[in-house]
Amino acid sequence: MAKKELRKKFMNNFQNNIEQSVSFIKKQTTLLPKIAVVLGSGLGDFAENLSHKKIIDTHDIPNYPLSTVEGHKGKLIFGKQNSVSLLAFQGRVHFYESGNIEKTLYPIHVAHLLGIKTLLVTNAAGGINKNFSAGDLMLIADQINLTFQNPLFANTLLSAEKINIRATSHPFYDNSLCSIAEKIALQEKIKLQKGVYVGVTGPTYETASEIQMFKKMGADAVGMSTVNEVALANYYGMKVVGFSCITNLATGISPTKLSHEEVTETGNRVKKIFAKLISTFIQELSNKKK
Ligand code: HPA
């Protein structure tokens with residue numbers, strides 16, 4: 001089969017898979033959220049407080065990629081915060097789990113087909129900026145993608161014809177949403193740092209020299225997720241806002257050896273305040289729309 005034909009076949013299968021997932025999901029709930037929240041490592045608690053919850057285990061969704069990382073529950077939670085319908089993705093599949101970027105991007109394709117227009121992303125990250133401490137929250141002002149992946153050249157739902165170098169709009173992180181986040185952090189007296197997130201593949205933590213390089217590049221925090229998801233969401237025209245939980249200081253900045261336990265421990269320590277930031281943010285967003 002010619003290369004073009006093969007690609008077409010692959011694209012058709014991919015499209016069918018996602019449509020199957022979406023049609024299964026749509027049968028589980030009558031809620032039609034326009035806002036989705038991606039909850040990172042150990043930060044899944046926010047969704048527990050929603051009302052009218054419908055929890056879908058990702059194992060039950062046909063074709064949905066499964067996470068293998070501890071602390072990543074793999075659930076889609078539909079629910080309401082007051083009158084606002086929301087979809088929360090609890091747990092994500094990291095690129096390092098399979099080396100297949102499509103698995104990481106799958107929820108974003110699903111969110112798009114479900115009609116999501118605003119995406120709130122969260123993650124755990126290592127602090128590079130010397131003013132950051134473990135436990136700080138950071139509003140993501142911009143990102144550097146060092147995964148050497150790009151959702152627009154991966155075999156996505158997007159057809160080759162549609163893709164061109166002007167396909168994305170800038171900035172990736174919506175200025176007005178960032179302003180809302182900063183305003184509510186002030187109001188609620190939540191310490192909110194702001195900075196550039198650099199996304200790497202992992203799964204190993206960085207060397208001290210790599211961290212110094214990222215610092216020179218202008219990065220304030222480093223993590224193993226988010227950047228490709230946000231690039232795709234941006235392509236789909238979603239408005240994006242992102243928050244990192246600085247779970248540890250990055251290699252060489254921290255005097256101690258990094259561990260996944262430290263990441264989850266800090267996540268646990270700040271998850272309440274993180275949930276408050278997200279819920280107040282969503283409330284403010286819906287007040288603005290009224
Ligand atoms: N590096 C990369 N990813 C991370 C870190 C880190 O220090 N902390 C949490 N996720």
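Mentor: Rings of Phe, Tyr and Trp (for Trp, the six-membered ring) form a pair if their centres lie within 6.5 Å; planes under 30 degrees apart are stacked, over 60 edge-to-face, and the rest tilted. This is a predicted model, where local features need pLDDT of at least 70 and side-chain atom pairs count only at pLDDT 80 or more, while totals for chains, interfaces and linings use all residues. Residues are numbered from 1 along each chain as its sequence is written, and side-chain values use heavy atoms, without hydrogens or water.

By the ring rule there are three aromatic pairs. One of them joins Tyr64 and Tyr106: the ring centres are 5.5 Å apart and the planes stand at 80 degrees, so this pair is edge-to-face. Tyr64 sits in the loop between strand S2 (51-57) and strand S3 (75-81), and Tyr106 in helix H3, so that distant parts of the chain, 42 residues apart, are linked (helices are DSSP runs of H or I with at least four residues, strands runs of E with at least two, numbered from the N terminus). Tyr64 is buried at 9% relative accessible area, and Tyr106 is buried too, at 4% (buried is under 20%, exposed over 50%, partly exposed in between, with a 1.4 Å probe and protein chains only).

Another pair is Phe243 with Phe281, whose ring centres are 6.0 Å apart with planes at 80 degrees, so the pair is edge-to-face. Phe243 belongs to strand S9 (residues 239-249) and Phe281 to helix H7 (residues 260-289), so parts 38 residues apart in sequence are tied together. Phe243 is buried at 0% relative accessibility, and Phe281 is buried at 0%.

H3 (residues 101-113) meets H6 (residues 227-235) through Ile101, Thr104, Leu105, Ile108 and His109 on the H3 side, and Asn228, Glu229, Leu232 and Ala233 on the H6 side (contact means heavy atoms within 4.5 Å). These contact residues divide into five nonpolar, three polar and one charged (Ala, Val, Leu, Ile, Met, Phe, Trp, Tyr, Cys and Pro are nonpolar; Asp, Glu, Lys and Arg charged; the others, Gly among them, polar).
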